Amino acid sequence: MPFKEQTAEVIDALDDLPPILKKDLDRNLCTCNEVLRRDIIHAIANGATTVEEVKIETYATMGIGCCTQDVERLIESLCPPENKMPD
Ligand code: FES
């Protein structure tokens with residue numbers, strides 16, 4: 001997807017996030033696999049509703065799993081409960 005479209009989707013998704021989760025978009029949320037917070041938000045904005053789906057899209061959480069809770073927080077903030085798939 002072109003960067004401009006990806007950026008627009010991320011900006012739309014950011015409207016739903018509390019300020020603490022909007023910080024440092026261009027820093028790694030998953031340091032084990034060097035996955036940017038922006039890329040994880042983009043995956044969720046494009047339909048990933050579980051940690052497993054984010055993992056498949058981005059490789060986040062595939063290190064020792066230390067970022068799993070952060071990914072869960074983003075999913076909870078961005079996905080309305082009716083759109084969530086069971087883990
Ligand atoms: S920081 Fe993502 S698995 Fe460790």
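Which handedness does the crossing of α3 and α5 have? The crossing of α3 and α5 is right-handed, a crossing being called right-handed if the near helix is turned clockwise from the far one, and left-handed if it is turned anticlockwise by less than a right angle.

**Before selecting anything**

The model is predicted, with local features requiring pLDDT of at least 70 and side-chain atom pairs counting only at pLDDT 80 or more, while totals for chains, interfaces and linings use all residues. Residues are numbered from 1 along each chain as its sequence is written.

**The whole chain**

Buried residues make up 24% of the 87 residues, where buried stands for 20 or more other C-beta atoms within 10 Å of the residue's own, exposed for 12 or fewer, and partly exposed for anything in between, with C-beta atoms placed from the backbone.

**Helix α5**

Select helix α5, residues 68-78, and pick out V71, L74, I75 and L78, which are buried. They lie on the same side of α5 because they cover an arc of only 100° around the axis, the arc being that of the directions from the helix axis to the C-beta atoms. An α-helix has 3.6 residues a turn, so residues three or four places apart point the same way. On the face of α5 turned away from the buried side, select the exposed residues Q69 and E76.

**α3 against α5**

The contact is made by I40, I41, I44 and A45 of α3 together with V71, L74, I75 and L78 of α5, two residues being in contact if their C-beta atoms, placed from the backbone, lie within 7 Å. By class, the contact of α3 with α5 has eight nonpolar, no polar and no charged residues.

**α3 against α4**

Keep helix α3 (residues 37-45) and select helix α4 (residues 51-58), whose axes come within 10 Å and cross at roughly 120°. This crossing of α3 and α4 is right-handed, and the contact is made by D39, I40, A43 and I44 of α3 and V54, E57 and T58 of α4.

**I44**

Centre the view on I44, a residue of helix α3, which is buried, with 25 other C-beta atoms within 10 Å. Leaving aside neighbours within four places in sequence, I44 is in contact with A13, V54, L74, I75, L78 and C79. The C-alpha atoms of I44 and V54 are separated by 6.9 Å, although the two residues are 10 apart along the chain.

**Two loop residues**

Finish in the loops, with E34 between β1 (28-30) and β2 (35-36); phi of E34 is near 55°, a positive value in a residue other than glycine. E34 counts as exposed, with 12 C-beta neighbours inside 10 Å. Then move to T61, in the loop between α4 and α5, which has a positive phi of about 75° although it is not a glycine. T61 counts as buried, with 24 C-beta neighbours inside 10 Å.

Key
Axes fitted to C-alpha atoms, helices over the stretch in contact; angles between N-to-C directions. Helix = DSSP H or I, 4+ residues; strand = E, 2+ residues; numbered from the N terminus. Nonpolar A, V, L, I, M, F, W, Y, C, P; charged D, E, K, R; others polar.
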